[in-house]
Amino acid sequence: MACDKRVAAVLGPTNTGKTFLALERMLGYGSGIIGLPLRLLAREIFDKLVVLRGKDAIALITGEERIIPENPKYWVCTVEAMPSDLGVDFVAVDEIQLCADPERGYVFTDRLLNSRGRIETMFMGSDTVLAKIQNLVPDAHIIKRTRFSELTYKGTSKISRIPERSAIVSFSVSEVYAIAELIRRQKGGAAVIMGALSPRTRNAQVALYENGDVDYLVATDAIGMGLNLDIKHVAFAKLFKFDGRKERRLFPNELAQIAGRAGRYRTNGTFGVTGEAKLLEPSLFQSIEMSKFSPVKFLQWRNSKLNFGSVEFLIKSLEIAPKDANFVKAKDGTDLKALRFLSEQLNFNTTVNSSKDIKLLWEVCQIPDFRKLSESDHGNLLSNVFQFVRSGGVIPDLWLQDQIRRLDRIEGDIEVLSKRLAFIRTWTFVSYKRLWTSDCLYWQAETRRIEDKLSDELHRKLTQRFVDRRTSVLVKGLKQRETLVAEINQDSEIFVENQLIGTLVGFCFEKDKSASDEENKALKSTAHAVLGPQYKLRSDKLYNSSDEAFAWDESGRLYWHSAVVGKLEAGNDILSPKVTPLVDTEAGIDIIKNVKRRLEHFISRTIEKQFEPLLKMQADDTLAGIAKGVAFRLIEGLGLISRSKISDEVKALEQKDRGLLRKHGVRFGQFTIFHYLMLKPAPTSLRLLLWSLFTKQVYTTAPPPGLVTIPKVENVTLDYYIMGGFKLVGDRALRVDMLERLADLLRVKDVWNGFEADVDMLSITGLTLDQFSEVLQNIGYSAKKDIRPKVRLKAHQEPTGAKVQGSTRVEATQTDILLEENPIKEDEVFYTFKMQKRLKVKNKMSIQAAPKGKSKAMSKAKKSKVKNQVKWQKPMKEQQKIDPNNPFLALLELKNKL
C-alpha cells in the first residue's frame, strides 16, 4: 500500500457538493487527476474544465475516448482508465462506495489502496463505506457532508400525473423506450438517457430537456452517478434490475443514489414510484430521506500483482483469493473470461511463451465487449487483433478498414443504430492504442467521424420517435390559456389549430390515437363547441332510418351505419332487454332520449320478428291447463327446454293438448322439447344474446350455422348448449333436432341384443364411427369395438338393393377382375351397441332402513322379499295382445312410442 499523504474521505449523500469540492481542490494544484464512475459524467466534467482552463490544459481518457493535448495539467478519466504512472499533485476518485459493486468493485478497491497524489488524495462517496476506509486507510481524514436540500417521498402516481421536470427511471432499453413512447403520447415528448448512448447523443438528448423542448427524462440508472440536471422529481417505474446473473431488487443505497438526482443545490426534490412499481415500505423511503443505510460489509478485490511467466501463471494470479477479511474475491470479469477462452480454445498456452507476448495478450483481453454478441465471437475478434499485433506489429489497414466500413451507414431504426454505435466503440478503443495501428491519428479521426455520424442520426431517430411536436405545442398552448380554434370537416374529423385531434364516431367524440389523455381532456371541451348542430342533425337522421340501417353483435352493442350508438343490458325479463344509448353528455338530454327511443323500437321489432312463432303461441287462448304451462316454460326458454326439466308436465299432457302444441311447431323429443323454427341461425344468435344478458353469462358466441355437431366448449354451462340449439353428449354436442332424429332411428333397432351404426345414423350426426360410439355411450348405450375382415364384392356381384338402369347391367372393370383373382386382405373396425340395463326399484319404501331396534329382528323371509323387489328391467315391455282389426290400434302404437 502506498504511503498516505493527506488522504481525505469526503462522505455523504447526493447533492452535498463532493464532486465540486474535489474539482475545486484539484484546480488549486499544478496537476491532478480525477476518476469518475461513468464516461458520460467524465465528458461532462471535461467540458466544464475546458471552459475554465482551456482545452490545452485538460485531458480526457475513457474506455473509448482519448483527448490528450501535448502538455495537459489535469486529467479527467473513468476510474478504469486512470493512468497509474502519472506523478500528479492531486488524485480524486468519485463514488468510492462502488468498491462493493459486484461488477466493477475491484477496480475502485485497487484505486482506494494504490492511487495516491504527491500532495493530496481525495475519495468521495457514500458514508456506507466509512468503516472500510477507516480500516484500510487509518490515516484518512474523514469529512462528512450533509445534503443541501431536502428529499421527500411522494408515494405513487400515474405517469399521466407525474409533474414537469421529472425523470422516470427503469432498467432495460425496452422498458425505457416503452415509457418514453407513453410520455410522448401523454405529455408531448421525453428525452432519453442511457449509459449505452454515445456522449454526443446523450448531450443532444440532455439539451432537449435543459432547453425546455420536453419536460421529462426517461433514463436508466445512468443518471444516478453525478449527472447534474434540473430534475425536481424522480419516479421509479421499476424496482428490479438485471445485474448480469439474475434480476434483483435494487438495494436501498442504490435507490437513494438515483432518487438523489431530484433537487439540486438548494432546491428541494421529491421521489416516488409509478407504473408497475410497488409502494416503498416506510422504513425504506425514510432511510432514503434521511440517507441512513447499512454499512458496506465487504469490498470487491482482485489481485493486481500479476505473473506474466506464462498464460497459466497469469490466470492463476488473477484467481488468487484475498486474505484480508475486508475483501471478497471479485467475480470473473470479461477480460479474465476472454483470457481463459483464448487459452483453452486457441491453445495459446503452447504458442505464447514470452513475457512480452503474455502482456500483449492480457492487454488485448482488456478490450471491452461492447458488442455483447457471444463469448466465442468476442474471443475470435481478440484472437485476430492479438495475432496481427504480435506478428506484424500493427493491425492491417485493409482488415481494419473492412471492419469499420460496414458500420459507416445510418440506415435502420433506433435498435440498429445503437448496435452499430456499440460496434464502433470497440474500434474507437482499439484506435487509441498508439502502437496497434500504422496511423493511430487517422483511425481515431475515422472512428470518431463514424461515431458522431451515428450519434447524430440516433439522436434524430430518438427525437422523432419520442417527441411529438404537435402535442407539445398544444399542451403548452393550453397551459398558457391560448385560444384554440376547433373545426369539423365532412368526414367528422375534428381539427384544432389545424391539427387532427379526433373524430365524431356515432354520437361520441373519439380522440386521435396519437393524442394523449391529458391533451384530450383539455381539447374535448373546445371540440364539443362545434359539435352541437352535428349532434342534432345526426339524431334526426338516426330516428328516420329504417331498421336495415341498424345491427347488433354478440356482446350486445347496437350499430347504426357501422357506428356504435348503444348497448343492450339486462331488463325485467328475458324478452325485454334494456337499451342504453352511447351519446356524449354534451349532446344534451333531448338527443340522448331521441337515440334511446329509436333503438328501443329497433330491438323490440327485432325480437318480435325472430320470436314471432313463440309470441303467437303465447297469445293462443285455446291453450289451457298443463298445455299452457308447457308453452310458458318453452317461451321462457326462448323455444328450447330439456325434457328432463318438464318431464312430469309432458307425461300429463293429453293427446289433444299435444296436438295443439304441435300445430304451433313444438316438437316433443326424447331429450329436448323445442320449436323447430327456433333452431334457425338468426333466432339462435338472438336467443344466446338475450340469455347471456339476462343471466349475466360471458360466453355468447353462437355455434357456426349449418353444423350439426360441435366440439365441447370450455368453461360454459349446460344451458349454453340448449340456448345454442345443441345438447352436450360427452365431448361433443349435437343439434337437438339431429339428436331426436337419431333417437327415432335407434327405436327400430334391436337395442338389447346389439346393433351396428348404419349410414343414416352417421350421416345425420356428421360423426365418424369413433365419435358416434362416444355419443351413444353418453346417452345410455354400451359399445363394443371389434375388427373383422372387410367384405369386398366380387366383380360379377351387384350390391344388395342396387338399382339397375334399364336392362343393362354395369360390366365388371378390369380392376375388379384383378382384385377377384388377387384379393387384398383388409380389416375393418366396427362397433356393436347395446342398451345398458338399469336397476328398477318397485317400492322404494320397502327397502329403506328398518326402524331403530328392529333391524336385527328382520326375518330372512322378509329380507328375501325386499331383495326380490329389485329386479332387472326387462328387455321388452310385455303388451297385451290387441285385435289387429281394432281401429284404434294405430293411435295406441303412436302413444306407446311417445
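Two strands pair if DSSP finds at least two bridges between them. Helices (H or I, at least four residues) and strands (E, at least two) are DSSP runs, numbered from the N terminus. This is a predicted model, where local features need pLDDT of at least 70, side-chain atom pairs count only at pLDDT 80 or more, and totals for chains, interfaces and linings use all residues. Residues are numbered from 1 along each chain as its sequence is written, and side-chain values use heavy atoms, with hydrogens and water left out.

**View 1. Here's an open sheet of 3 strands in the order E27-E29-E28, with antiparallel pairing.** E27 (640-642) and E28 (666-668) sit at the edges with a single partner strand each, so one side of each has no neighbour in the sheet. Look for the 3 bridges that join E27 to E29 (residues 672-675). Leu-640 stands opposite Phe-674 in E29.

**View 2. Another open sheet of 3 strands runs in the order E30-E32-E31, again with antiparallel pairing.** Its edge strands, E30 (709-711) and E31 (726-729), each pair on one side only. On average, neighbouring strands of this sheet are turned by 25 degrees against each other, direction ignored. E31 is joined to E32 (residues 732-735) by 4 bridges, and Leu-728 stands opposite Ala-733 in E32. Helix H27 (residues 736-747) packs on the sheet and touches E31 and E32 (contact means heavy atoms within 4.5 Å). The direction of H27 makes about 85 degrees with that of E32.

**View 3. Helices H14 (residues 397-405) and H16 (residues 440-466) pack at about 10 degrees, with their axes 12 Å apart.** The contact has 5 nonpolar, 2 polar and 2 charged residues (Ala, Val, Leu, Ile, Met, Phe, Trp, Tyr, Cys and Pro count as nonpolar, Asp, Glu, Lys and Arg as charged, and the others, Gly among them, as polar).

Note on methods
Axes fitted to C-alpha atoms, helices over the stretch in contact; angles between N-to-C directions.
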